[in-house]
Amino acid sequence: MPMHRRQVLGLALAAPALLRVPPALAADRADVSRKVLLTWHKLVLELVRHTATYVPPVAARAFAYVGITAHEALSSGNPALRSLAGQLSDLSPLPARASGVHDEACVLHGALQAVVGELFANTGPTGLRAMQAMGRKMGETASTGIDGAVVARSVAHGEAIAERILAWAAADGGAVIENMGFPMNYTPGTRPQDWVPTNLIRLQQAPLLPGWSNCRPFALPYSDACDAPPHPDYDEAPGSAFHDAALEVYETSRNLTQDQKLIARFWSDDPMLTPTPAGHWISIVLQIADRDSLPAEAISATLAKLGVAQADAFISCWSTKFRYNLLRPVTYINRHIDPSWEPFLITPPFPEYTSGHSTQSGAAMTVLTSVLGEGFAFDDATHEDDGLPVRSFPSFAAAAEEAAMSRLYGGIHFRFGNERGLDQGRAVGAYAAALKTES
Amino acid sequence: MRTTIALLVLAGPALAEPSVPVFADETATAGLTTIYQGDWEYMVGGGVATFDCSGDGFPEVFLSGGAGPSGLYWNRSLQGGPLTFEKTDSIALDAVLGAYPLDIDSDGMMDLVVLRHGSNRLMRGLGECRFEDATETWGFDGGDAWSTAFAAIWEKGQDWPTIAIGNYVDRYEEAFPWGSCTDNWLHRPDGTRFAPPIALTPSFCALSMIFTDWNRSGQWALRVSNDREYYKGGQEQLWHLDPGQPPRLYTEAEGWKRLRIWGMGIATADVNLDGYPDYYLTSMADNKLQFLKDPASGKPDYADLAFRSGVTAHRPYTGGDLRPSTAWHPQFADVNNDGRLDIFVAKGNVAKMPDFAERDPNNLLLSAGDGTFVEAGDRAGIASMSVARGAQVVDLNLDGLLDLVVVNRWTPAEVWRQTGEPGGNWVQVRLEQAGPNRNAIGSVVEIRRGAAVERHEIAAGGGHVSGSVGWLHFGLGAAERAELRVIWPDGTAGDWHSLPAGTFHILGPDTGARPWTPG
């Protein structure tokens, strides 16, 4: 029976504000906080899916800021929690609470409504309508039975936390996304191994976000702190390591089992059709939080660390991708093995090495293992609404390894891109895992 | 591979720059005053229907008004003259998103299927542009949805049409509307009324539908374009509709390939002259131009040649706004009468989505004759920056030059009259048959283009909540006569007709080609 970390967290993170109210009411208020936190995050998963600029690196960035906001909102009133200020790049101390009683659910609601509203201000009319509806509903949920002055004070504090986080976010280099992340002009490389566009979508004739590694990392000291080693030497000769790697993609693709197809689709996590790869791992945490009734303090700390790990993973990975600028399997295979071959999945519009999915999955599993433990079993129903069945995993590591392998099944990555991506992600994740969220 | 063949046809010798038609904006004087209004519930929709309800052969115009009243306008234009419309009192309904003409009871007086928030309505034509609500009389369940797509066909052996209605998001869902697509309905006949509808499950927020004989089997299928913004687990769809059988989806095992776009509109035509229908699908950013890869395979597997053909229309081409476009109503038509099909696309932001162009001009993509198309919307004078939705490219004053009416969100519908020198000859025909299905929906008009035959499916549906029944316009280029025939809905191939350029004819399966003159 795996040890659930929540047993530890639940003991350690009792909120002082709750100690001033009767135990039954305190338990009720803790449930309200959980509900506010989880419901806003569930909306964020949808907003990521339905906001055109939220391609995977951008989505990961947003998840990080939302998670950090929630953690800082709670930690500002709980001495058992430790702020991430001073631990994350350029994050200075957050606003202190004003004197007087605060309600944690109202603080959370104020913070989340403000940060989500600003991060997703560019969503469509349906997203704006949903945020307004959520603001009303969660506002009612959080404030029912609470003195009006406490509500106002608490919401104002949450908004102040969000305002500071947003100001911090605005200066990270990733706040403005134009043309859905694709440069208006792009000069392709001239080496035979250089990435070239892999589809006939006009917008995607340039790679996605080639400058993303210039974004300020959260916990990494610098963007290429965890760079991957070189990939096998590019070679078109049969029998070479590179050709063999391409041949493996080709042969695997031609003999895909139904389970392999299912795995490829389960982890595909396409932008604008899913909450993206980073959202997939956020979804896993939300499901565990529901299943295990984790307290809000534990959830927010976990989401903050996970968000940081995944955001940094994309920064790190994008640094590697555009350093090597390696072509995708479909390009190599069509040129040198089979001109009519098509991969099972749609090839993403940016260079191959290293695999973004693998890198961020490696980072995610590292953080989640550090928080919730080795051998932590869970079910993943992230794509149940999309008609994909629930998958069960014995550990976060197993899930990450499957996510990485899914890219080979999908025909969009070489094995070496997946394996080195996992390594890279584990290294990135270690920085996030080292963050202190408890005093 | 059939793709190779199709590409060869497309890659013919480069021709001269296509003749650019000239349009005059007559919005201010034409008399069309209805505005498509409303907030979130009307972010999609905004259709126009054109059809003759007065009996004079000139097409009337019905405009949806969204939260405001719809309007039916009597066409008072003279042949070749300025466009002039007179508003009637008919069909002033609220909550209208779009409409399609369809002579449901085949009495020779055009009826109108009105798509709404709430109950859809069947308006029975009484002549002289008067209508009565026959929804209940005809046993039609109007539902209570957000209806955004329509298609109709007469199934084999039926005296009454089968109508497909596409429905959108559950409009009562606020915080989590995504994944709440409501069921599309298939209204099959029960004698001379409609049976209770069949749910076309799964439904994925359809914004356009059209019946099409995609494989020339004689058995028309239902193609559905869906808005990926709202579905979960969805994709574009193609439904089998075998007589007497429940509808069923084409599957991956049958060759259907998963495609997920912000499907807004479908246009169909035989662009590459291979005898099979091609499809233009509108979306956000890139649009699609699909050609059947290999007809001999029997698989509905399509290649997207929009990029190679120059019709992605993914961002504004004029006006300086470089953000991606939002495309709605597409329509194939030979706008410059050069004998080659062109593409019109209505464009406009959903609302104020900052990542997409706010100044998003409509497209007029003229065929260059070598498989590529040339943008000419600005040069033709129709590059409006209004927030467009539905449209019809139609000859409103029966001078042989196609005109244009476009519904805009929040501002009046715009109408342009083509006024320049004709780029070529033309002919127009109307199909009429006795008995059921008077306008021969489900027939195919074949017209010879040199050694090739261009096939036009006569369908009710498609576009973006906009449709037309009436004169079918064919540009002829320099040809003095049109060689064409009709494959009637029962599969009977009519005689080839040789019709002189610049004429109107009414074609019937038993009556041949009867000349007709406006006025």
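This is a predicted model: local features need pLDDT of at least 70, side-chain atom pairs count only at pLDDT 80 or more; totals for chains, interfaces and linings use all residues.
Let's start where chains A and B touch. Chain B brings 27 residues to this contact, and chain A brings 25. If you sort chain B's side by class, you get 14 nonpolar residues, 9 charged ones and 4 polar ones.

Now move into chain A and look for two helices, H10 (residues 276–292) and H11 (residues 296–324). Two packed helices are described by the angle between their axes and the distance between the axes. For H10(A) and H11(A), the angle is about 165° and the axes are 10 Å apart. Angles over 145 degrees count as roughly antiparallel, so that is how H10(A) runs relative to H11(A). Their crossing is right-handed. Which residues meet here?

Last stop: B:Asn336, over in chain B. You'll find this residue in the loop between strand S22 (327–333) and strand S23 (342–347). Is B:Asn336 buried or exposed? It counts as buried, because it has 27 C-beta neighbours inside 10 Å, and 20 or more are enough for that label. Setting aside neighbours within four places in sequence, B:Asn336 is in contact with several residues, among them B:Pro18, B:Val20, B:Leu366 and B:Gly475. B:Gly477 sits 141 residues away from B:Asn336 in sequence, yet their C-alpha atoms are 8.6 Å apart in space.

Terms used. Residues are numbered from 1 along each chain as its sequence is written. Chains are lettered from A and ligands numbered from 1 in the order in which they are written. Two residues are in contact if their C-beta atoms, placed from the backbone, lie within 7 Å. Ala, Val, Leu, Ile, Met, Phe, Trp, Tyr, Cys and Pro count as nonpolar, Asp, Glu, Lys and Arg as charged, and the others, Gly among them, as polar. Axes are lines fitted to C-alpha atoms, for helices over the stretch in contact, and angles run from 0 to 180 degrees between N-to-C directions. Helices (H or I, at least four residues) and strands (E, at least two) are DSSP runs, numbered from the N terminus. Angles under 35 degrees count as roughly parallel, over 145 as roughly antiparallel, 65 to 115 as roughly perpendicular and the rest as oblique. A crossing is left-handed if the near helix is turned anticlockwise from the far one by less than a right angle, and right-handed if clockwise. A residue is buried if 20 or more other C-beta atoms lie within 10 Å of its own, exposed if 12 or fewer, and partly exposed in between; C-beta atoms are placed from the backbone.
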